[in-house]
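This briefing walks through selected parts of one protein model. Please keep the sequence and the 3D view open while reading.

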Amino acid sequence: MSERAPGRDDGATLLVTPDTRRHDGAGPTERGFLLFKPDTLERRLLQDCVADIARAGLRVLEQHPLRLTEAQIAAVWSGIDPGRRPLTAGLMRRYLSAGPSRLVLVDGPGATARLLALKSAIRRRHGAVYYANLVHSPDSAEEARRELAALLDGRYDPDARFRPTTATWHGWSMETVEAALDRWWASVPEQRGRRPTHWSPPLPAASHRVCIYAKRHWAVAFDDMACFLAETAGVGEPEFAVRAGFAALYDGEGFVLPMASAKAAHDTCRTVRAFGLIARGPGDSGQSGHGTGTDRRPDPRE
């Protein structure tokens, strides 16, 4: 296993081309990669995670230390539109550029599918309780080629930015949104190691409460969820929205919303479930809007 400085031409381009030779008779090999994000290195999990690659039947080819730039983030996560999802883009920009990352190139039969399974396993085993998910792996061989071109060969627009180009969003100026994200990000270190976490913004106590959770495999975009929770609480402030969103994702009680009456709590639960989240009110079992009762508290490691 060798290490080379990222961006050099001594073979990096070759690694972007799929290798279909057979090594062990198990099928054509593929080349892929895992990108270990700053929290993996900060928590000293890299060595253990790299060992998992061999245990998954894949071969480590090279490791490349990286410090992700905003232009690289924009190239790799090109499916996220910062104009529509400024909270997500802002959180990712801070998290992914906060420290060094490590790109590990591998090959082996069915590498793409095996790496996706390994990514999920690493997140389940080591997942943190704050905004970080340790490792990235592309969904297809085609995505791997495109992303490697950006990460290793420098084939991206160096002037690209991973931030909104609009001046306002949901009535909030981008300056207000960015300041709120800065305040939230500054509080992240306090959450490390806390189980359960406590992101929920302060709200008055009440005898009638609605606890709101994201589903285990949540599909609602974070920005939409955060704005919905702020609107439901009647608070028009982006930092409140961010904290409410993370409370729904990670806090033990979810995002706790005080209600003036049992009827108001009941009506709010119905609205929340219709939106696609889990709601538990006074005397309520927390069943989904379909009445299946199968929704559970989300696991922050997934």
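Ring pairs link W184, W185, W199, F222, F246 and Y250 into a cluster. The count of aromatic pairs comes to 9. The model is predicted, and the points below are grouped by topic.

**Helix α8**

- Helix α8 covers residues 174–191, which makes 18 residues.
- From its first C-alpha to its last, α8 reaches 26 Å, close to the 26 Å expected at 1.5 Å a residue.
- The buried residues of α8 are M174, V177, E178, A180, L181, W184, S187, V188 and Q191.
- An α-helix has 3.6 residues a turn, so residues three or four places apart point the same way.
- The buried residues of α8 pack against α5, β6 (168–169), β7 (172–173) and α10 (238–250).
- Just after α8, G193 takes a positive phi of about 85 degrees.

**R243 in helix α10**

- R243 is found in helix α10.
- Is R243 buried or exposed? R243 counts as buried because its relative accessibility is 17%, and the cut-off for buried is under 20%.
- Leaving aside residues up to four places away in sequence, R243 touches R183, W184, S187, W199, S200 and P201.
- Among these contacts of R243 are W184 and W199, and both W184 and W199 belong to the ring cluster.
- W184 and S187, also touched by R243, are among the buried residues of α8.

**Helices α5 and α9**

- Two packed helices are described by the angle between their axes and the distance between the axes.
- Helix α5 (residues 86–96) and helix α9 (residues 222–233) pack at an angle of about 115 degrees, and their axes are 7 Å apart.
- On the α5 side the contact is made by P86, L87, T88 and L91, and on the α9 side by F222, D223 and A226.
- The residues of this contact divide into 5 nonpolar, 1 polar and 1 charged.
- F222, on the α9 side of the contact, is also one of the residues in the ring cluster.

**The sheet of β9, β8 and β10**

- Strands of a sheet pair through backbone hydrogen bonds, either parallel or antiparallel.
- Here 3 strands form an open sheet in the order β9-β8-β10, with antiparallel pairing.
- Which strands are at the edges? They are β9 (255–259) and β10 (278–280), and each pairs on one side only.
- From one strand to the next, the twist averages 25 degrees.
- β8 and β9 pair over 5 bridges, and V210 has L257 in β9 as its bridge partner.
- Strand β8 (residues 208–213) pairs with β10 over 3 bridges, and C211 has R280 in β10 as its bridge partner.
- β9 is mostly covered, as 4 of its 5 residues are buried.
- A279 lies in strand β10 and counts as buried because its relative accessibility is 0%.
- A279 and G254 are 25 residues apart in sequence, and their C-alpha atoms are 9.1 Å apart in space.

**Strand β2 and its partners**

- Strand β2 (residues 29–36) is largely enclosed by the rest of the structure, because 7 of its 8 residues are buried.
- β2 runs antiparallel to strand β4 (residues 101–109), and 8 bridges join them.
- R31 has D107 in β4 as its bridge partner.
- β2 also runs antiparallel to strand β5 (residues 135–136), joined by 2 bridges.
- L35 stands opposite H136 in β5.

Technical notes: Residues are numbered from 1 along each chain as its sequence is written. This is a predicted model: local features need pLDDT of at least 70, side-chain atom pairs count only at pLDDT 80 or more; totals for chains, interfaces and linings use all residues. Side-chain values use heavy atoms; hydrogens and water are left out. Two strands pair if DSSP finds at least two bridges between them. Axes are lines fitted to C-alpha atoms, for helices over the stretch in contact, and angles run from 0 to 180 degrees between N-to-C directions. Buried means under 20% relative accessible area, exposed over 50%, partly exposed in between (1.4 Å probe, protein chains only). Rings of Phe, Tyr and Trp (its six-membered ring) pair if their centres lie within 6.5 Å; planes under 30 degrees apart count as stacked, over 60 as edge-to-face and the rest as tilted. Contact means heavy atoms within 4.5 Å. Ala, Val, Leu, Ile, Met, Phe, Trp, Tyr, Cys and Pro count as nonpolar, Asp, Glu, Lys and Arg as charged, and the others, Gly among them, as polar. The expected span of a helix is 1.5 Å times one less than its number of residues.
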